[in-house]
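Please look over the structure below with these notes beside it.

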Amino acid sequence: MKLLLRNIKELLQVREEAPLKVAGTAMKELPSISNAWLLIENDIISDFGAMATLPKISADKTIDCTGKIVLPSWCDSHTHLVYAGNREQEFVDRINGLSYQEIAEKGGGILNSAKKLQETSEDSLYAQSAARLEEVMRLGTGAIEIKSGYGLTTQAELKMLRVAKRLGENYPVAIKTTFLGAHAVPAAYKGDKEGYLNLIISEMLPKVAAEKLVDYVDIFCEEGYFSVEDTHTLLSAANGYGLIPKIHVNQFNAIGGVQAGVAHDALSVDHLEVVTNDDVAVLKNSNTMPVALPSCSYFLSIPYTPGRKLIDAGLPLALATDYNPGSTPSGNMNFVVATACIKMKLTPEEAINAATINGAYAMGLSHSHGSITKGKSASVIITKEIPSYNYLPYAFGSNCIDKVIANGEILE
Ligand code: NIG
Ligand code: FE
């Protein structure tokens, strides 16, 4: 099956030799071709160029992209998309004055979602999660990471991860999975965090590894959740199963999670609403990608990750949604890109790099996603007719997407 896109007003993020990630001033560059064509063969980008160079191609289908921009699909490297029910009552409680932390202390928050998930069948969990995945795919997400962490029992964690795996088998989207058993201490282990960590290490980790359910390991390293010491203990144990860390750090407090992540060669450290100079220095000498989640800051009214500071220090930055029922009930990467420009003062070029090539890096998918490169997955967004790519973050409340091509499949 040959699919030809022609008369593309601008083909964005074109990389002949794709870098693994882009950092610092290089994030300001978004290589592109004006008046371009793109050839897709089955599920792969096979060729592209300027219209003046278009060879004779007998395509099975041609899409005229006059006035439209084409870019690689969003790479959302941090989500909790598999969950049961919602938490709109907590949203109202916060409007009425309770804080996110106060709600969690009352047994709401993550434990509320864990209770719901434990009571939900695997098939119902699959159906609820599939509906969310279909929605975000239509919003342009072509690769996504999904975490466990709303199970908090061995059976419920396995249920979440099996659902995530099944989604990856059934949809034309790349899915990476992460084991986040250490998301919160469940009610059954109240006052016995050590006991729960023990359960994670001696029972959950061996089982998720034996079933080959996960690519990465995560922990919520935060006051009131898991300490830096817990983080070292868990990440060392996970290393024994070949699991690379991608961890939640510095959402509310900088307690040393960044340093712990870098010490274990984490692929990414995520949240970073609070960043110290020492965090920046440690990240500078690492392969670890900092990941900002601006929709979470928006929804909880907490500080935005100082993305400008990180990029100006020469670091790379990735953007992701954090899609989850408590702190970010939205999987819309278009909103993330716009919010990063509006609130974090990223330029559109920086935000698009952060949401494509750097997002791909943050889930180990740089070889197949995140840029228009021959041989990569044919996962692209075709916009509506828009004046320029700056319009994408500018028109933050509009749906600027005309079509999505998901691993070679056209989603109208
Ligand atoms: O990334 N911070 C920890 N975990 C999630 C939200 C958890 C919840 O409220 O359900 C996050 O924001
Ligand atoms: Fe998260």
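1. Asp-322 is buried, because 28 other C-beta atoms lie within 10 Å and 20 or more are enough for that label. This is a predicted model. Asp-322 sits in the loop between β13 (318-319) and α12 (333-344).

2. What does Asp-322 touch, leaving aside its neighbours within four places in sequence? Its contacts are His-78, Thr-79, Leu-293, Ser-295, Cys-296, Ser-327 and Thr-328.

3. Asp-322 also carries an annotation. An unreviewed UniProt entry places the feature "binding site" at His-78, His-80, His-248 and Asp-322. These residues span 245 residues in sequence, yet no two of their C-alpha atoms are more than 12.1 Å apart, so they gather at one spot.

4. Turn next to His-80. This residue lies in the loop between β6 (74-76) and α1 (88-95). His-80 counts as buried because it has 27 C-beta neighbours inside 10 Å. Not counting residues up to four places away in sequence, His-80 touches Lys-147, Gly-149, Tyr-150, Tyr-323 and Asn-324.

5. Now follow the chain on to the helices. The loop that holds Asp-322 ends at α12 (333-344). The axes of α12 and α13 (residues 348-355) come within 9 Å and cross at roughly 140°. The two helices are therefore oblique to each other. Their crossing is right-handed.

6. Which residues form the contact between α12 and α13? From α12 come Met-333, Val-336, Val-337, Ala-340 and Cys-341. They meet Pro-348, Ala-351, Ile-352, Ala-354 and Ala-355 in α13. By class, this contact has 10 nonpolar residues, no polar ones and no charged ones.

Technical notes:
Residues numbered from 1 in each chain as written. Chains lettered and ligands numbered in written order. Predicted model: local features only at pLDDT ≥ 70, side-chain atom pairs only at ≥ 80, totals over all residues. UniProt positions renumbered as here; feature names shortened; annotations may be inferred. Helix = DSSP H or I, 4+ residues; strand = E, 2+ residues; numbered from the N terminus. Buried ≥ 20, exposed ≤ 12 C-beta atoms within 10 Å, placed from the backbone. Contact = placed C-beta atoms within 7 Å. Axes fitted to C-alpha atoms, helices over the stretch in contact; angles between N-to-C directions. Parallel < 35°, antiparallel > 145°, perpendicular 65-115°, else oblique. Left-handed = near helix turned anticlockwise from the far one by under 90°. Nonpolar A, V, L, I, M, F, W, Y, C, P; charged D, E, K, R; others polar.
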